[in-house]
Amino acid sequence: MNIYTSAKGHLCAEQNGRNLHSQYNPVREAQRFVDSSIEKKPSIIVFLGAGLGYIQQEMALRFPETRIISIYYDDVIYNNRQFSNEMISSWSPSSGISIHQFFTQYILEQDLKNISIIEWNPSALMNNDLSLSANKFLKMTIQQLNGNIKTTAVFGKKWIRNMICNYLSIDDYCSIDHGEAPVVIASSGPTLTKSIPQIIEYRNKFVLWALPSSLATLNYHGVIPDLLISTDPGYYGRFHLYSLQKNIPVAQPLTGSRGIWGKKNPILVLNQSFPFEEDLLNIGKMKFLSVPSNGTVSGTALELALQQSKIIFFAGLDLCFNDILSHSRPHSFDNILQSDTHRLQPVQSVYYKRASLAMADFPKGIRISQSLD
């Protein structure tokens with residue numbers, strides 16, 4: 001990347017004969033670009049392929065209260081940027097964190113209501129691979145946040161009831177210290193069963209964390225986890241816990257299922273920073289670990305594991321159906337599904353009807369649903 005001053009006195013950048021900005025009037029070019037790209041005041045602007053600062057300066061001038069996220073595709077451009085202020089958060093390839101981590105850190109659920117996403121095409125043409133990657137991970141981050149919002153919409157009232165009930169009822173708290181041991185997280189995808197022989201063979205080499213839906217399979221094979229992670233506030237989340245053995249520590253937020261304390265399992269309290277949650281924890285002087293909220297318990301388990309270990313494995317996190325099977329066998333829901341069978345609707349028909357709602361990839365023998373995706 002070549003940085004130079006044009007004949008008109010403007011700072012410019014050029015690569016392989018392509019200019020990043022107008023050599024004649026980059027300020028006017030920035031004004032026209034903002035005119036055509038942003039129609040109303042956004043809550044946040046995600047600017048992909050940020051340039052030397054002309055466009056960011058125009059955005060900040062027009063929307064002084066709007067947060068701006070600038071994604072630079074080139075470190076030379078980032079180091080020569082001409083404008084920055086406290087409302088602009090920037091990422092470049094040398095930032096030290098992945099672009100996905102950056103998006104997760106700086107884009108919040110409340111931003112999605114009025115988010116503006118724009119990309120500077122000259123920068124994308126110069127850095128096509130990084131442009132594709134940035135767009136991919138931005139889409140992934142927005143999907144994750146939408147999943148969190150949908151979960152909140154469904155479980156909001158139940159979370160509040162659970163929070164109060166668990167706060168008043170939990171007495172036995174614990175903490176975890178696994179040292180530097182690797183963490184294996186058991187999920188309940190169909191391939192968990194295939195992983196059981198390796199889990200048993202190397203059981204003394206790692207600590208095993210279980211997600212609730214994997215408990216029935218683990219118990220069947222005589223595998224006892226070191227920790228259970230549970231975040232689901234609903235009935236079916238609690239249904240998995242009938243397979244929970246005594247004395248196994250349980251990591252859960254106050255918003256999680258009620259009643260685990262009745263089994264006398266020690267509780268590792270997770271703080272997901274929901275409204276009132278942190279206040280209750282501080283009032284009660286409870287020990288807790290803070291983890292970001294997530295639309296799925298698998299995500300929460302990963303966030304917690306990243307705080308505890310540098311080596312993390314998932315077993316059974318398939319994110320797809322294996323033909324018509326959505327879970328490992330045996331599974332907590334087997335009895336529920338089989339209770340709906342009769343002569344004209346055998347158990348295979350029940351499993352097929354559930355699986356048929358997902359999109360089939362016949363060459364791979366899998367099915368993908370929107371929630372799994």
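In this predicted model, Tyr72 is a buried residue, with a relative accessible area of 1%. The ring of Tyr72 has a partner in Tyr78: their centres lie 5.2 Å apart and their planes meet at 75°, so the pair is edge-to-face, since an angle over 60 degrees is counted in that way. Tyr78 has a further contact, as the charged end of Arg81 sits over its ring, 3.9 Å from the centre.

A pair of aromatic rings is described by the distance of the centres and the angle of the planes. Phe102 and Tyr106 form another such pair, with 4.7 Å from centre to centre and 40° between the planes, and this pair is tilted. Both residues belong to helix H4, which covers residues 99-106; because they are four residues apart there, about one helical turn separates them.

The aromatic pairs come to five in total. Ring pairs also join Phe33, Phe47 and Trp120 into a cluster.

The description now turns to a sheet. Strands of a sheet pair through backbone hydrogen bonds, either parallel or antiparallel. Here three strands form an open sheet in the order E15-E17-E16, and the pairing is antiparallel. Strand E15 (321-322) and strand E16 (359-361) stand at the edges; each has a single partner strand, so one side of each is left without a neighbour in the sheet. E15 is joined by two bridges to strand E17, residues 366-368, and the two run antiparallel. Within this part of the sheet, Phe321 stands opposite Arg367 of E17.

How values were computed:
Residues numbered from 1 in each chain as written. Predicted model: local features only at pLDDT ≥ 70, side-chain atom pairs only at ≥ 80, totals over all residues. Heavy atoms only, no water. Phe/Tyr/Trp six-rings, centres within 6.5 Å; stacked < 30°, edge-to-face > 60°. Buried < 20%, exposed > 50% of the residue type's maximum accessible area, 1.4 Å probe, protein only. Lys NZ or Arg CZ within 6 Å of the ring centre and 35° of its normal. Pairing = 2+ DSSP bridges.
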